[in-house]
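Visitor: I have a model open and would like to go through it with you. Could we begin with how far to trust it?
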Amino acid sequence: MKKFVLLLSLMLSTVAFAQGTEAKKVGPPEGKALVGEVYGAGVSAKAEKSAITTKKLDQKLKKSAKVENVAVKGKVTKVCDKKGCWLTVETDNNEKFFVKMKDYAFFVPTALEGKTVVLEGNAEMKVTSVDEQKHYAEDAKKPQSEIDAIMKPEEEIRFMASGIKVVD
C-alpha cells in the first residue's frame, strides 16, 4: 500500500510540475520584426498597395462608426509586454489607436515597437470602459498614479487586425 501511495504521489507531482513549466512560457513571441515579416493571416499585396493613412481612417470613421476590410499604414508605438496580444499605432495628429488581434489568434513581438506596419482588418469607434482602460494600462506597465487617474470611459478608434506586415 505504501508503494502505491508513493507511486501515486510521484505521478501527481510530475503532472503538477509539468503544468507549472508551461505557464512560465507566457510572453510575446521572440522576433526582430524585420521588414517583410507578417503576423496573423497576412496582408494581401492589394491591401498593402491601397493602405490608407490613419488620418483617412479617422475621416471614414466620422462618416460611419465601423469600417470593414480596410488596410491602414502607421507606426507602432507600444506592444503588450505580457503576451504581444495588442499594440498601439500612432495617428497623423500624434494620437494613438488601439489594435487587437482577431480572435486572439496571433501575437506580435515587442520588437515591433517603432516599426511602420500595414494592418488589415476592421476598424470602429468604441467606448472603452474605465476598467478596460486600467487593465491595458497595467499591461503597459504604467505607473499606479497614471492608472488611478483613469476616471471616465473614452471613445477611441479600435482596430481588429487579421494580419500585420512590417513595411519599414
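Visitor: What is the average pLDDT of the chain?
Guide: This is a predicted model, and the chain averages a pLDDT of 86, with 85% of the residues scoring at least 70.

Visitor: Where is confidence lowest, and where is it highest?
Guide: The lowest confidence falls in helix α1, residues 2–23, at a mean of 49. Strand β1, residues 38–40, has the highest, at 96.

Visitor: Over which residues does pLDDT stay under 50?
Guide: One such stretch is residues 4–8, for which the model has zero contacts beyond four places in sequence. Residues 19–23 also have a pLDDT below 50, and this stretch makes zero contacts in the model beyond near neighbours in sequence. Where pLDDT is low, the predicted coordinates should not be read in detail.

Visitor: Understood. Turning to the strands, how do β2 and β5 pair, parallel or antiparallel?
Guide: Their pairing is antiparallel, over eight bridges. Val-70, for instance, stands opposite Gly-121 in β5.

Visitor: And how many bridges join β5 to β6?
Guide: There are 12 bridges between β5 and β6, and these strands run antiparallel. Leu-119 has Ile-164 in β6 as its bridge partner.

Visitor: Now the largest pocket. What is its volume?
Guide: The volume of the largest pocket is about 800 Å³.

Visitor: How many residues line it, and which lie nearest its centre?
Guide: The lining comprises 31 residues, and those nearest the centre are Thr-88, Lys-96, Phe-97, Glu-154 and Glu-156.

Visitor: How do the lining residues divide into nonpolar, polar and charged?
Guide: Nine are nonpolar, eight are polar and 14 are charged.

Visitor: Which elements each supply at least two residues of that lining?
Guide: Two helices are on the list, α3 (54–63) and α4 (130–139). The strands on it are β2 (66–79), β3 (86–90), β4 (96–101), β5 (116–128) and β6 (154–166).

Visitor: One residue, then. In which helix is Lys-60 found?
Guide: Lys-60 is found in helix α3.

Visitor: Why does Lys-60 count as partly exposed?
Guide: Its relative accessibility is 40%, and partly exposed covers values between the 20% limit for buried and the 50% limit for exposed.

Visitor: What is Lys-60 in contact with, leaving aside its neighbours within four places in sequence?
Guide: Lys-60 is in contact with Ile-52 and Val-67.

Visitor: How far apart are Lys-60 and Glu-124?
Guide: They are 64 residues apart in sequence and 9.6 Å apart in space, C-alpha to C-alpha.

Technical notes. Residues are numbered from 1 along each chain as its sequence is written. This is a predicted model: local features need pLDDT of at least 70, side-chain atom pairs count only at pLDDT 80 or more; totals for chains, interfaces and linings use all residues. Side-chain values use heavy atoms; hydrogens and water are left out. On a 1 Å grid over the protein atoms alone, a cavity is a set of points where a 1.4 Å probe fits but cannot get out, and a pocket is an open set with protein on both sides within 12 Å along at least five of seven lines; lining residues have an atom within 4 Å of a point. Grid points are joined across faces, edges and corners, and a volume is the space filled by probe spheres set on the points. Helices (H or I, at least four residues) and strands (E, at least two) are DSSP runs, numbered from the N terminus. Ala, Val, Leu, Ile, Met, Phe, Trp, Tyr, Cys and Pro count as nonpolar, Asp, Glu, Lys and Arg as charged, and the others, Gly among them, as polar. Two strands pair if DSSP finds at least two bridges between them. pLDDT is the predictor's confidence in each residue, from 0 to 100. Contact means heavy atoms within 4.5 Å. Buried means under 20% relative accessible area, exposed over 50%, partly exposed in between (1.4 Å probe, protein chains only).
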